[in-house]
Amino acid sequence: MGIGIYSPPLSARQKEEYLQLLEACGLRDEGDADIIALMTEDGRLIACGALAGHTVKQLAVSSDAEGQGAMAAVLSALIAEAYAAGIHRLFLCTKPENLSMFRSMGFHSVIETKDAVLLENRKGGLDGFLASIPKYDGVCGAVVCNCDPFTLGHRHLIEYAAAHCDSLYVFAVSEKGSMFSPEERLEMIRKGTADIENCHVFESDLYLISRATFPAYFIRDESRADLVKSDLDIELFCRRIAPALNISIRFAGEEPFSPVTRAYNERMKELLPAYGIRFEEIPRFAEISAGKVRTLIEAGEPEKTGEMVPESTYEVIQRRS
Amino acid sequence: MEIKKTAVAGTLESSDCMVTVEPAAKGLELDLESAVIRQYGRQIRKVAMETLKRLGVKKARVSIVDKGALDCTIKARVECAVMRAAEHEGRVNWGGMIR
């Protein structure tokens with residue numbers, strides 16, 4: 001019995017066994033793993049798991065190997081790998097019936113819905129994050145954005161939102177994996193909104209639109225947008241974050257291009273009102289999108305992005321090219 | 001011994017424990033998770049605190065997820081996690097602090 005750690009792609013034979021095991025456990029390969037742990041016995045795959053950024057996923061044990069500690073062994077191996085790579089915060093999403101098992105393995109519940117539970121390896125992590133954010137008086141609104149990079153479209157959305165509430169929280173997606181680093185994106189948002197007095201920019205600290213709360217956003221398999229699951233992310237916002245910060249309006253940009261983001265907006269429209277939160281979708285500004293800006297950068301034409309981004313973003317784009 | 005970074009030692013397998021050591025601004029904070037916390041919680045904490053004291057750790061956040069480890073296992077896992085967190089691997093004073 002042994003555990004091997006692999007960087008994808010797996011060999012054809014390994015992949016076949018891996019996919020079979022996932023399927024037998026009601027999971028599917030989401031294809032975004034940084035590393036995959038495979039546990040074999042007599043050459044046969046009996047358990048697996050993967051690490052994608054800060055998220056442990058694709059944990060599965062074959063039915064005939066259950067109850068022998070295979071899950072604990074795979075999870076231990078993944079935790080050791082994560083720590084060795086300097087990743088100390090780990091999230092894990094599972095079915096509610098597995099909650100007590102993962103609790104006994106040092107994970108703590110962040111949010112529970114009827115189909116899924118999100119756990120993290122830090123006790124009181126979300127409480128600590130919420131306590132670190134200042135509270136403002138009056139009607140508070142929120143925008144959550146990746147801003148990869150920050151465009152005049154984002155600026156338009158934030159300007160509108162700030163004008164329609166007393167204080168606006170802007171949460172910058174802190175997950176890696178975009179063209180610009182989380183630090184660059186935070187800097188671009190802060191500088192690009194510095195003149196808007198009631199706009200306050202914070203990192204989302206992986207609690208909003210992260211690979212843990214909303215994996216589909218990062219997998220970007222647009223053909224399967226019908227399978228997009230964003231309820232965990234939305235419920236975490238509605239039940240934990242919004243009440244703590246007294247947020248009563250969530251603003252988002254209308255999404256004509258990405259089916260995943262569109263499905264997310266649609267779901268917010270359905271779920272937010274039940275929690276007393278208004279959802280406002282703002283029409284897209286002058287056909288600008290961060291995707292178009294990225295395409296121009298990738299095509300080696302960063303100078304053409306000047307019309308779509310504020311000065312402060314343009315500087316960051318030039319700095320990297 | 002000064003805790004410089006976050007480190008982990010041990011596993012979540014039966015009869016083992018996973019110990020995480022993190023830098024802290026002040027004091028020793030110990031968080032314990034165990035299925036036998038009612039029976040052995042005090043003993044596990046005692047072994048862990050004695051080990052930390054012997055290693056001269058004054059400031060740290062320590063978390064132990066216990067899976068029924070014996071005292072000697074707890075001691076060894078705490079020592080290993082501290083050595084890693086203090087970037088002290090490879091120059092362990094066997095018979096000195098570790099005994």
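This is a predicted model: local features need pLDDT of at least 70, side-chain atom pairs count only at pLDDT 80 or more; totals for chains, interfaces and linings use all residues.
Residues are numbered from 1 along each chain as its sequence is written, and chains are lettered from A, with ligands numbered from 1, in the order in which they are written.

Let's start with a sheet in chain A. Seven strands make up an open, mixed sheet, ordered E1-E2-E3-E4-E5-E7-E6. Strands here are DSSP runs of E with at least two residues, helices are runs of H or I with at least four, and both are numbered from the N terminus; two strands pair if DSSP finds at least two bridges between them. E1 (2-6) and E6 (108-112) of chain A sit at the edges with a single partner strand each, so one side of each has no neighbour in the sheet. On average, neighbouring strands are turned by 25° against each other, direction ignored. (Axes are lines fitted to C-alpha atoms, for helices over the stretch in contact, and angles run from 0 to 180 degrees between N-to-C directions.)

Now zoom in on E2 (residues 35-41) and E3 (residues 44-52) of chain A, an antiparallel pair with seven bridges. In one of these, A:Glu41 has A:Arg44 as its bridge partner. Helix H1 (residues 12-24) of chain A packs on the sheet, touching E2, E3 and E4 (55-61), and its direction makes about 85° with that of E3(A). Contact means that the C-beta atoms of two residues, placed from the backbone, lie within 7 Å. Helix H2 (residues 70-84) of chain A also packs on the sheet, touching E1, E2, E3 and E4, at about 35° to E3(A).

A:Cys48 is worth a look too. Setting aside neighbours within four places in sequence, its contacts include A:Tyr18, A:Leu21, A:Ile36 and A:Val74.

Further along chain A, E11 (residues 247-253) and E12 (residues 278-282) run parallel, joined by five bridges. A:Gly253 stands opposite A:Ile282 in E12(A). With helix H9 (residues 259-271) of chain A, E11(A) and E12(A) make a right-handed β-α-β unit: with the strands pointing away from the viewer, the path from the first strand over the helix to the second runs clockwise.

Finally, the two chains meet through 13 residues from chain B and 13 residues from chain A. On the chain B side, strands E1 (7-10), E3 (28-34) and E4 (60-66) each supply at least two residues.
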